[in-house]
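Hi,

Here is the structure I promised to pass on. Have a look at it first, and then read my notes below.

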Protein chains: 2
Amino acid sequence: MSRLDPLFAPRGIAVVGASRDPSKLGAVMARSLRAFPGTVVGVNPRDADPAAARYAGVAEAASAAGPIDLAVLCVPASVSAAALTDAAAGGARAVLVCSGGYAEAGGPGVAYQRELVAAAVDAGIALLGPNTSGFLDPARALTATFVPGVASVPPGPVAVVAASGGVNHALAFLLAEAGLGVSLAVGLGNAVDVGAPDVLGHLAADDRTRVVALHVESVDDGPALVAAVRAASARVPVVALVVGRNDVAEFARSHTGALATSWRTTRAALRSAGAVLVDDERALVDAVTALSVLRLPPSAGPAVGVVTAQAGPGLLHVDGLRGRGVPVPAFSAATVSRLGELLPPLTYQANPVDTGRPGPGFGSVLAAVAADPGIDLVSAYALSEPDALDLPGVVDPAAGPLVVGLGGPAEQVRPQRQALRDLGVPSLTSPAALTTAVVALIDDARAQARASAAPPVAPAVVDLPSGELDEDAAKTLLGRLGVRTPPRRACHDRAAAHRALAELPGPLAVKLLDARVVHKSDVGGVHLGVRDAVELDAALDALEGLGAGRFLLESMAPPGVDLLAGASRDAVFGPIVLLGLGGVVAEALADVAVAPATGSPEDAGALADELAGRALLDGFRGGPVADRAALGAVLVALGGVLLARPELESVEINPLRVTVDGLIALDAVVTLREEEHRV
Amino acid sequence: MSRLDPLFAPRGIAVVGASRDPSKLGAVMARSLRAFPGTVVGVNPRDADPAAARYAGVAEAASAAGPIDLAVLCVPASVSAAALTDAAAGGARAVLVCSGGYAEAGGPGVAYQRELVAAAVDAGIALLGPNTSGFLDPARALTATFVPGVASVPPGPVAVVAASGGVNHALAFLLAEAGLGVSLAVGLGNAVDVGAPDVLGHLAADDRTRVVALHVESVDDGPALVAAVRAASARVPVVALVVGRNDVAEFARSHTGALATSWRTTRAALRSAGAVLVDDERALVDAVTALSVLRLPPSAGPAVGVVTAQAGPGLLHVDGLRGRGVPVPAFSAATVSRLGELLPPLTYQANPVDTGRPGPGFGSVLAAVAADPGIDLVSAYALSEPDALDLPGVVDPAAGPLVVGLGGPAEQVRPQRQALRDLGVPSLTSPAALTTAVVALIDDARAQARASAAPPVAPAVVDLPSGELDEDAAKTLLGRLGVRTPPRRACHDRAAAHRALAELPGPLAVKLLDARVVHKSDVGGVHLGVRDAVELDAALDALEGLGAGRFLLESMAPPGVDLLAGASRDAVFGPIVLLGLGGVVAEALADVAVAPATGSPEDAGALADELAGRALLDGFRGGPVADRAALGAVLVALGGVLLARPELESVEINPLRVTVDGLIALDAVVTLREEEHRV
């Protein structure tokens with residue numbers, strides 16, 4: 001039994017702060033709960049009226065009406081801790097606190113929240129909220145929210161786990177409008193006790209749930225969330241909407257009292273844990289529409305066959321798929337030949353297939369495309385034309401995975417959509433919605449493939465070089481990690497530098513060697529293209545002018561494309577790896593991709609394909625091609641050092657150059673954790 | 001009277017190719033037209049039956065049943081020209097051809113299309129299609145399409161002008177689902193006669209239309225489309241969806257027989273003509289939902305005040321607005337003080353305003369924000385809570401422009417949305433839809449401001465330098481255009497080069513001067529940092545080694561950010577100007593923005609803010625700030641040369657450097673038009 005059963009599946013519920021004034025929160029909540037078939041009682045010490053099922057305390061209510069598992073506290077923040085203690089004394093094992101005025105409001109609210117949490121810990125009961133609109137479980141006729149209208153949302157396969165009560169309700173309404181229902185829909189609010197990981201864990205035992213819609217604003221325990229998403233997505237798809245792409249931190253803090261978490265890192269961590277990411281709440285509805293009916297088997301690179309009955313909407317759909325990087329490959333010769341038999345010669349028979357005005361043969365076309373060995377999912381668009389085509393009637397569910405976009409009058413389309421769903425075929429209402437659904441199905445198949453790959457091996461523990469962590473030591477570390485660096489000599493005087501000039505293949509880079517100077521180029525600490533003793537002396541003179549006592553001489557690398565590759569610690573999610581394009585343009589674009597350091601080399605190497613400037617890594621204008629496996633190995637090695645060495649804050653290679661001879665690290669910086677972080 | 005009145009407002013309609021077989025196109029079309037209150041007759045020479053209103057020809061039909069303005073041809077492509085001629089002889093002044101098998105199918109279809117067009121020209125009648133699903137005008141009960149279900153779409157304020165018949169229907173259904181209706185919805189198909197400009201012109205006299213939804217796949221007459229959009233958007237907003245962002249050219253060609261037009265240039269041309277651009281068909285529905293009810297006055301930079309009753313959805317909305325670059329500024333002191341009076345202290349009273357659970361005072365908050373002198377539009381989100389808030393009841397339409405997002409059960413929200421619309425307040429169903437609507441309202445206000453600015457002055461005619469158009473001549477031209485270049489000397493021998501070394505401020509760039517070598521750097525034709533006679537001789541030796549007979553010596557410019565600025569000829573839209581970031585990273589990202597050359601310097605300068613890497617132009621890492629007015633002046637000057645000089649193909653400055661001292665052109669290439677294009 002889950003710790004959250006008393007909260008989400010209570011035998012009896014007490015509304016604490018029940019009021020006769022119909023506009024008060026307590027009265028609204030009581031109205032919301034009216035349909036609940038179990039016990040619902042009111043508690044109001046100053047207005048007890050057992051005849052109206054309103055008692056002076058939870059204990060009184062329980063002895064009169066039977067067990068009360070859940071107390072819904074509709075009392076001011078200042079007295080909520082006392083109300084919780086009273087409820088626990090009366091036998092309640094869970095409380096819901098909807099009202100605000102806690103940490104999110106600042107001032108005395110911070111103390112009220114602390115007292116409330118302490119009371120819950122003392123009593124050992126589950127606490128949802130405060131500052132949330134509650135939750136609903138339509139199949140239990142349980143609407144524990146102060147928006148009674150949400151009782152109209154039907155039961156169904158979607159669990160909503162939302163950071164915000166308002167978003168929980170907004171999503172429930174949008175799902176209902178899309179013809180879907182919910183198993184459980186929860187708004188977490190300040191999430192001082194029950195958080196997203198707890199609800200995801202609770203859902204593990206809920207076989208009504210076929211997909212989870214997760215809304216995230218901020219995260220305080222990154223590893224717990226990642227573990228919960230990993231466990232949940234192994235069973236059902238998890239679709240995540242992370243807010244805060246742009247600077248909304250101040251408003252977000254006012255909302256739940258939490259600091260905004262890095263949007264980029266949160267998305268990367270959730271994705272790595274198996275979640276499908278979406279960009280807004282409508283994309284979320286589209287994704288769960290598809291994933292609540294259909295889940296593709298794990299696949300590293302599923303491909304889509306598109307069939308359309310009308311060219312124009314099909315073109316919109318394919319344009320969208322291409323923009324999202326979905327493979328829409330050419331068909332096999334056998335498929336092309338079969339389509340030639342099925343379709344009149346005027347139609348377009350490549351991928352996409354344009355059937356022209358559809359007839360009963362539309363199903364055979366769908367089946368022919370599904371049978372192509374290179375196709376993992378068929379995506380079809382058609383306008384509803386009952387005179388010409390009975391789509392549910394011609395679909396063969398055994399032919400292969402199919403998702404459909406269906407335009408038409410709502411009343412005509414609704415029964416067709418239901419019939420398709422019964423066949424295991426999700427349907428959407430527009431080409432763009434179909435695109436979002438296809439992307440979600442494919443992202444989920446990829447996530448499953450990543451999850452089912454062998455778990456990464458524990459990072460090898462490497463010895464750190466002794467002494468100061470200057471560029472030479474950093475490159476020694478890189479060498480131990482198997483990352484290639486140019487031949488080099490660390491020189492303590494000019495004579496050593498001249499010996500190095502004789503020994504190293506030229507031309508050389510001559511650099512200031514000082515761990516305290518991180519941005520050497522900015523201060524004139526790097527001289528390139530040094531070929532002879534005269535040039536070396538000039539370079540050494542200049543470096544000595546900067547106060548340099550030590551020099552690094554290094555063979556210059558061949559030209560190539562410069563990347564930034566690093567590992568650092570995220571305050572919430574722990575060690576992460578980062579890949580970006582080098583140079584000031586890429587920096588201005590903030591063109592970087594991140595992933596948890598615990599991922600596989602394949603996942604890390606795939607970061608290259610998330611970069612806006614990825615064309616540069618694929619032989620752009622005759623340049624080199626970046627080996628994704630080698631790139632992944634470098635990133636995983638850097639991340640591994642952080643996982644194995646708690647005294648390190650970050651390791652950064654900038655630039656890591658892509659050359660025709662492979663990757664080579666031209667500069668590296670290792671940073672120790674500040675004392676205060678070394679607990 | 002419009003040339004298209006016989007097409008869209010016919011007195012009588014003949015279905016040519018009427019059939020007894022209910023599955024045939026002619027029978028479906030006759031069923032679609034059944035509700036039309038005017039005359040509808042069938043024509044079938046082989047199955048005439050006047051008792052069933054089916055005649056041997058259009059003339060027979062007209063003499064029996066009254067004037068036939070429109071003939072709908074449901075006959076094979078091979079006989080359609082003859083059927084058109086027969087219809088015209090019978091008095092028809094317009095034909096609709098839905099069937100395919102014309103140019104889009106290739107082969108004999110190309111000839112059928114040519115014959116059909118010739119017949120229409122001979123007869124002097126309007127021809128819609130071929131290869132379209134037709135049109136509908138619900139207020140006239142006129143459904144001239146072979147998708148009879150579209151008769152369920154109600155009359156309303158949206159005109160749909162779609163390249164594709166399928167998209168026309170898909171949009172009509174989506175609009176109906178969003179609670180909107182259409183005035184006229186047209187699918188253009190192959191558009192061999194009636195095209196988007198014609199329909200836009202026809203709509204000028206249609207006062208039922210309050211907004212136009214325009215879907216574009218390809219354009220053959222750019223200036224005609226631009227002029228039509230300009231005229232239409234002066235009267236009502238035009239929202240445009242352009243397909244083909246990604247490579248879908250082959251499929252697109254199979255669809256309507258037309259080559260895909262440049263997506264980027266088409267968007268730029270439509271935007272410059274006053275259209276609001278959207279990214280997919282759902283965004284189009286959101287945009288017309290807003291613009292069919294509300295149009296802001298012209299404004300160069302309208303700002304938005306956000307009010308939300310629930311923090312979470314408000315956060316999604318504000319995150320979206322920030323991502324789209326919508327200004328959500330701080331309020332005035334007076335507004336802050338007024339909000340302090342209206343709201344409890346726990347709520348967030350900046351922009352966005354979080355009211356907490358809303359009550360009747362919500363309307364006063366909306367009015368207070370609308371009254372802020374820095375706010376042009378109020379965007380509000382609320383969940384429907386009839387117990388707490390009657391939104392239509394508290395909105396003061398006189399307070400200022402307002403757009404609303406309203407979540408809740410569909411049945412509860414629908415009447416509220418209607419009541420709001422009657423007050424001039426558009427409403428959307430989700431935070432993301434609200435974001436799209438706000439962006440559309442603001443884009444339209446900006447487009448109106450651009451359109452109402454003074455028209456650009458005609459470009460000054462400059463003389464082209466005589467002789468070969470090498471870099472020196474190109475820079476002479478730039479000088480005449482007022483574009484700054486570094487001091488330079490074109491040298492015909494080494495002695496001249498040494499004189500130039502003495503005269504020009506150093507260090508110098510020494511370049512090959514040869515109009516035939518466009519990419520000088522790639523062949524080693526550029527030597528930088530030349531300071532003395534020894535270095536100059538080395539450079540000249542190397543250039544002579546390349547076969548150079550002439551040299552360009554030039555003072556080197558200070559460092560800065562390099563741009564690419566140019567003007568070229570688009571095959572469809574004519575001269576355009578282009579701005580991009582310089583360098584290989586920007587090139588790999590294809591980070592360029594384009595605009596018609598006929599725009600104002602303000603429009604051209606604003607291209608800088610469309611670049612992904614625009615941060616680089618605003619003092620990134622202590623770098624220079626690009627003066628938008630100066631940039632606009634350069635681009636307009638380059639465009640002006642192309643407008644004034646038909647013998648030129650393009651003028652490109654690469655790089656145009658942004659320095660602390662302003663813009664300076666470091667290299668320039670002028671290209672003449674190929675002979676075959678110089679008509």
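Cavities first: there are 5 cavities of 30 Å³ or more in this predicted model. To find a cavity, a 1 Å grid is laid over the protein atoms alone, and a cavity is a set of points where a 1.4 Å probe fits but cannot get out; lining residues have an atom within 4 Å of a point. Grid points are joined across faces, edges and corners, and the volume is the space filled by probe spheres set on the points. The largest cavity comes to about 70 Å³. Its lining includes A:G363, A:L366, A:D396 and A:P401. Which helix gives the most to that lining? Helix α14 of chain A (residues 362-370) does, with 4 residues. Sorted by class, the lining has 8 nonpolar, 2 polar and 1 charged residues. In that sorting, Ala, Val, Leu, Ile, Met, Phe, Trp, Tyr, Cys and Pro are nonpolar, Asp, Glu, Lys and Arg are charged, and the others, Gly among them, are polar.

A quick word on the ground rules. Residues count from 1 along each chain as its sequence is written, and chains are lettered from A and ligands numbered from 1 in the order in which they are written. As the model is predicted, local features need pLDDT of at least 70 and side-chain atom pairs pLDDT 80 or more, while totals for chains, interfaces and linings use all residues, and side-chain values use heavy atoms, with hydrogens and water left out.

Now the sheets. Helices (H or I, at least four residues) and strands (E, at least two) are DSSP runs, numbered from the N terminus, and two strands pair if DSSP finds at least two bridges between them. Chain A has an open sheet of 5 strands with parallel pairing, in the order β15-β14-β16-β17-β18. At its edges are β15 (353-354) and β18 (427-428) of chain A, each pairing on one side only. Within this chain, β14 (residues 304-308) and β16 (residues 377-383) run parallel and are joined by 5 bridges; A:V304 has A:L377 in β16(A) as its bridge partner.

In chain B, look for an open sheet of 7 strands, ordered β8-β7-β10-β9-β11-β12-β13, where the pairing is mixed. Strands β8 (142-145) and β13 (276-278) of chain B are the edges, each with pairing on one side only. Strands β9 (residues 155-162) and β10 (residues 182-187) of chain B run parallel, with 6 bridges between them. Opposite B:A159 you will find B:L184 in β10(B).

Where are the cis peptide bonds in chain B? One runs from B:G129 to B:P130, with omega near -5°, and B:P130 is in the loop between β6 (126-128) and β7 (134-137) of chain B. Another runs from B:N351 to B:P352, with omega near 10°; B:P352 is in the loop between α13 (333-342) and β15 (353-354) of chain B. A:N131 is not a glycine but has a positive phi, near 65°, and is in the loop between β6 (126-128) and β7 (134-137) of chain A.

Finally, UniProt (an unreviewed entry) places "domain: CoA-binding" at residues 7-102 of chain A; its positions follow the numbering used here, feature names are shortened, and annotations may be inferred rather than shown by experiment. That span is 29% helix and 21% strand.

Cheers

Notes
On a 1 Å grid over the protein atoms alone, a cavity is a set of points where a 1.4 Å probe fits but cannot get out, and a pocket is an open set with protein on both sides within 12 Å along at least five of seven lines; lining residues have an atom within 4 Å of a point.
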